Amino acid sequence: MFRRLHEPASTVTVFVDDAPLRVAAGETVAAALLGAGIAVFRAAPRHGGPRGPYCMIGNCYDCLLEIDGMPYRQGCLTTVAEGMRIHRPMEHEEPK
Ligand code: FES
């Protein structure tokens, strides 16, 4: 769906559902995951359907993820960081 136009100058490693993923330093979590071919970020609470980023500017809240243990973080407004742990809630899960 998405592809990079050029290789990033520097990268960091994040963990998506415990799997390591090298992404471009300085990009948002949503852009990093979409660039890696990950378009489904969570399941909708009511019907369980797949949800993923839509607006990429903080308005739709379809990019919610658990990031470094904090639930309901907007992936499109959060910059990746070395060692960041990203969890995609695929069932309705109460925050820990
Ligand atoms: S993609 Fe819409 S709020 Fe993040």
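Here is a chat about the fold, the sheet and a few residues of this predicted model.

Colleague: Hi! Before we start, what kind of model is this, and how are residues numbered?

Modeller: It is a predicted model, where local features need pLDDT of at least 70 and side-chain atom pairs count only at pLDDT 80 or more, while totals for chains, interfaces and linings use all residues. Residues are numbered from 1 along each chain as its sequence is written, and side-chain values use heavy atoms, with hydrogens and water left out.

Colleague: Great. How many helices and strands does the chain have?

Modeller: There is 1 helix, along with 7 strands; these are DSSP runs numbered from the N terminus, H or I of at least four residues for helices and E of at least two for strands. Reading from the N terminus, the order is β-β-α-β-β-β-β-β.

Colleague: And in what order do the strands of the open sheet come?

Modeller: Its 5 strands run S2-S1-S7-S5-S6, and the pairing is mixed; two strands pair if DSSP finds at least two bridges between them.

Colleague: Which strands stand at the edges?

Modeller: Those are S2 (19-24) and S6 (70-74); each has a single partner strand, so one side of each lacks a neighbour in the sheet.

Colleague: How do S1 and S2 pair?

Modeller: Strand S1 (residues 11-16) pairs with S2 in the antiparallel sense, over 6 bridges. Within S2, Pro-20 is the residue opposite Phe-15.

Colleague: Switching topic: is Ala-43 buried or exposed?

Modeller: Ala-43 is buried, because its relative accessible area is 11%; buried means under 20%, exposed over 50% and partly exposed in between, using a 1.4 Å probe and protein chains only. Ala-43 belongs to strand S3 (residues 42-43).

Colleague: What is Ala-43 in contact with, leaving aside neighbours within four places in sequence?

Modeller: Its partners are Gly-48, Gly-49, Arg-51, Pro-89, Met-90 and Glu-91, where contact means heavy atoms within 4.5 Å.

Colleague: How many disulfides are there?

Modeller: The structure has 0, a disulfide being a pair of cysteine sulfur atoms within 2.5 Å. Cys-55 counts as partly exposed because its relative accessibility is 24%, and Cys-60 is partly exposed at 26%.
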